[in-house]
Amino acid sequence: MNTVRLRLDLAYDGAAFSGWSRQPGLRTVEGELGEALATILRRGADPVDAPRVTVAGRTDAGVHAIGQVAHLELSPEEWHEIAQRDRRRGPREGGPEASLRRRLNGIAGRHGDLVVRDARRAPAGFDARFSALWRRYEYRLVDRGGPRDPRRRGHTLWVDETLDLAAMDSASRALTGLHDFAAFCKPREGATTIRTLLDYSWSRDEDGALIGHVRADAFCHSMVRALVGAAIAVGAGRLDEDALLAVLDGARRTGAAPVVGAHGLTLVEVGYPPDAELAARAEQTRARRDPLLSDEVPHVGMPAKWFPCPS
């Protein structure tokens, strides 16, 4: 029996969430969505009864998102019931997909820090995680003398140093490409740290804040925040570009790339290929993924020797 796959586009303020993944006794994005879906689908209150929600990137505690993507599957009967309920309420704009979005926002979004921006039938072959080509994050910080707006303190790191933007930007751009980013990742047994960093640059926005723009095929644990910590060290003059490249080449954790606070980090966008290529991309990624890696999707072009396999 064919299931109905739905794509959800999400935004959330991560401050009150213990990350994406469901954890007993903690408020998480996945947990809130799961409880709401279980209520809507009348599956019961037990979290195990909620439909599984697959996400493009599992964000850590405190990390925000404006462009998160997820998918879930419903049985034909569940989708028919949602459509029937929508019809019983009379003509409404958007059909059952819009009705589901409104109901999710009414339950999961009741606190205002989680918004389902869109819900729609996914195209054939779509997988929120494995079909993705890249993920893009932004990190917002204010250095000494910058605009310390208390209204944005939950989304901005305040640094009590004057930072050299040009040095940060140049050194960050030098890190792009296919590398072993072990120096910027929290180690996880059996997990690869090989990634393709597609873009990494720094600019100032119109308010004077420094914005780090980071895009990669995937990220390992704490990679973006360690990359930002290293850029701050360069901007403050504690590292130069050559020293930063030496840290990268060393492929081991050091104090040169400290992990900065999660509150300045936002998942901005997830990129996908055209619809006709979604299934092929997902198949290619699954074929190359590390079997022991639970969160991230490694670069699909990596040599097989870079993929540890369970014994």
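What follows is a chat about the rings, pockets, helices and backbone of a predicted model.

Visitor: Ground rules first: what do the numbers rest on?
Guide: This is a predicted model in which local features need pLDDT of at least 70 and side-chain atom pairs count only at pLDDT 80 or more, while totals for chains, interfaces and linings use all residues. Residues are numbered from 1 along each chain as its sequence is written, and side-chain values use heavy atoms, with hydrogens and water left out.

Visitor: OK, rings. How many aromatic pairs are there?
Guide: The count comes to five aromatic pairs. Rings of Phe, Tyr and Trp (its six-membered ring) pair if their centres lie within 6.5 Å; planes under 30 degrees apart are stacked, over 60 edge-to-face, and the rest tilted. One of the pairs is Tyr12 with Phe17, edge-to-face at 6.3 Å centre to centre and 75 degrees between the planes.

Visitor: Are Tyr12 and Phe17 buried or exposed?
Guide: Tyr12 counts as buried at 5% relative accessibility, and Phe17 counts as buried at 3%. Buried means under 20% relative accessible area, exposed over 50%, and partly exposed in between (1.4 Å probe, protein chains only).

Visitor: And what sort of pair do Phe126 and Tyr272 make?
Guide: The centres of Phe126 and Tyr272 are 5.1 Å apart with the planes at 55 degrees, so that pair is tilted. Phe126 is in the loop between strand E4 (114-121) and strand E5 (134-142), and Tyr272 is in the loop between strand E10 (265-271) and helix H7 (278-288), so the pair ties together parts 146 residues apart in sequence. Helices (H or I, at least four residues) and strands (E, at least two) are DSSP runs, numbered from the N terminus. Phe126 is buried at 2% relative accessibility, and Tyr272 is buried with a relative accessible area of 17%.

Visitor: Which charge sits over the ring of Trp134?
Guide: The charged end of Arg215, 5.0 Å from the ring centre of Trp134. The rule wants NZ of Lys or CZ of Arg within 6 Å of the ring centre and within 35 degrees of the ring normal.

Visitor: Which residues are closest to the centre of the largest pocket?
Guide: Of the 22 residues lining the largest pocket, those closest to its centre are Glu30, Arg52, Val53, Thr54 and Arg58. The lining divides into eight nonpolar, four polar and ten charged residues. Ala, Val, Leu, Ile, Met, Phe, Trp, Tyr, Cys and Pro count as nonpolar, Asp, Glu, Lys and Arg as charged, and the others, Gly among them, as polar.

Visitor: Where does Glu30 lie?
Guide: In helix H1. Glu30 counts as buried at 14% relative accessibility. Glu30 and Val53 are 23 residues apart in sequence and 7.1 Å apart C-alpha to C-alpha.

Visitor: What about the second largest pocket's volume and lining?
Guide: The second largest pocket has a volume of about 190 Å³. Its lining divides into four nonpolar, four polar and four charged residues, and E5 gives the largest share, three residues.

Visitor: Helices now. How many residues of H1 are buried?
Guide: Eleven of its 13, so to speak mostly covered.

Visitor: And how many in H5?
Guide: 13 of 13 residues in H5 are buried. Helix H5 (residues 223-235) reaches 18 Å from its first C-alpha to its last, close to the 18 Å expected at 1.5 Å a residue; the expected span is 1.5 Å times one less than the number of residues. Ala226 is in H5 and is buried with a relative accessible area of 0%.

Visitor: Last topic: what phi does Ser222 have?
Guide: Ser222 has a positive phi of about 65 degrees although it is not a glycine. Most residues other than glycine have a negative phi. Ser222 lies in the loop between strand E9 (210-216) and H5. Phi of Ala251 is also positive, near 55 degrees, and Ala251 is partly exposed at 30% relative accessible area.

Notes
1 Å grid on protein atoms, 1.4 Å probe; cavity = no way out; pocket = protein on both sides within 12 Å on 5 of 7 lines; lining within 4 Å. Points joined across faces, edges and corners; volume = space filled by probe spheres on them.
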